[in-house]
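This report describes one protein chain for a reader who is new to structural analysis. Please keep the sequence and the model in view while reading.

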Amino acid sequence: MSLLASAAGSGEADLLPCPSSPNCVSSRDPDPARRVDPIPFRGTPEEAREALEAVVRSLPRATIVASSGIGIRAEFRSLLGFVDDVEFRIDGAAGVIHVRSASRKGYWDLGVNRRRVETIREAFGNMPEKRRGGGPGTP
């Protein structure tokens, strides 16, 4: 079940846990080997979602498959045709975007999912403050 499906069904959306294989990273995973930091944002969740969508669209072979008020689900295709699923959950109260990136098939990803999350974090952080939901008058 995806983030957006769980949101529709339960009203309490969250990211699925990573499997035991080393082809997944998540900001919700307690295991340091699979954990990544959530992405901080300022402004409203809507502004953060719009900025994050722009970042994802700017990356090669990325497709946004679903987007809602609190989440985005995207697919990334490798040059060899492998698909990775990336989900984001925006936590407005905490001012962070939780993320999970996992290979759809296979056991090892050679660190691709971790590097992808860090690339997204960097691109999001490099956006102009106003585009990320921050700027004058923002706490």
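Glu53 and Arg57 are 4 residues apart in helix H2, so about one helical turn separates them. Helices (H or I, at least four residues) and strands (E, at least two) are DSSP runs, numbered from the N terminus. The two side chains form a salt bridge, with the closest N and O atoms 3.6 Å apart. A salt bridge here is a side-chain nitrogen of Lys or Arg within 4 Å of a carboxyl oxygen of Asp or Glu. Glu53 counts as buried because its relative accessibility is 11%, whereas Arg57 counts as exposed at 56%. Buried means under 20% relative accessible area, exposed over 50%, and partly exposed in between (1.4 Å probe, protein chains only).

The model is predicted: local features need pLDDT of at least 70, side-chain atom pairs count only at pLDDT 80 or more, and totals for chains, interfaces and linings use all residues. Residues are numbered from 1 along each chain as its sequence is written, and side-chain values use heavy atoms, with hydrogens and water left out.

## Overall arrangement

The chain has 3 helices and 6 strands. Their order from the N terminus is α-β-β-α-β-β-β-β-α. Of the 139 residues in the chain, 45% are buried. A contact means heavy atoms within 4.5 Å. Among the contacts in the chain with a separation of 6 or more, 52% are between residues 24 or more positions apart. The chain exposes about 7400 Å², and carbon and sulfur atoms supply 56% of this area. Accessible areas come from the Shrake-Rupley method with a 1.4 Å probe; for residues, only the protein chains shown count as cover.

## Salt bridges

Side chains of opposite charge can pair when their charged atoms come close. By the rule stated above, the count comes to 10 salt bridges. The table gives three of these pairs.

| Pair | Closest N to O distance |
|---|---|
| Arg28 and Asp14 | 3.2 Å |
| Glu53 and Arg57 | 3.6 Å |

Arg104 is partly exposed, with a relative accessible area of 43%. Asp85 and Arg104 also belong to a network of salt bridges that links them with Glu75 and Arg77.

## The nonpolar core

In soluble globular proteins, nonpolar side chains tend to be buried together. A nonpolar core is a set of buried Ala, Val, Leu, Ile, Met, Phe, Trp, Tyr and Cys residues joined through side-chain atoms within 4.5 Å. The largest such core has 22 residues, of which Leu52, Phe76, Phe88, Ile97, Ile120 and Phe124 touch the most other members. At least two core residues come from each of helix H2 (45-58), strand S4 (71-77), strand S5 (83-91), strand S6 (96-103) and helix H3 (112-126). H2 gives the most, with 5 residues.

Which residues does Ile120 touch, not counting residues up to four places away in sequence? They are Ile39, Leu52, Val55, Leu59, Phe76 and Phe88.

The structure holds 1 disulfide, defined as a pair of cysteine sulfur atoms within 2.5 Å. Cys18 and Cys24 form this disulfide, and their sulfur atoms are 2.1 Å apart. The torsion about the S-S bond is about -65°, so the disulfide is left-handed. Both cysteines are buried, Cys18 at 12% relative accessibility and Cys24 at 3%.

Arg34 is placed in the loop between strand S1 (24-26) and strand S2 (39-40). Leaving aside neighbours within four places in sequence, Arg34 is in contact with several residues, including Cys18, Cys24, Asp29 and Arg114. Is Arg34 buried or exposed? It counts as buried, because its relative accessibility is 17%.
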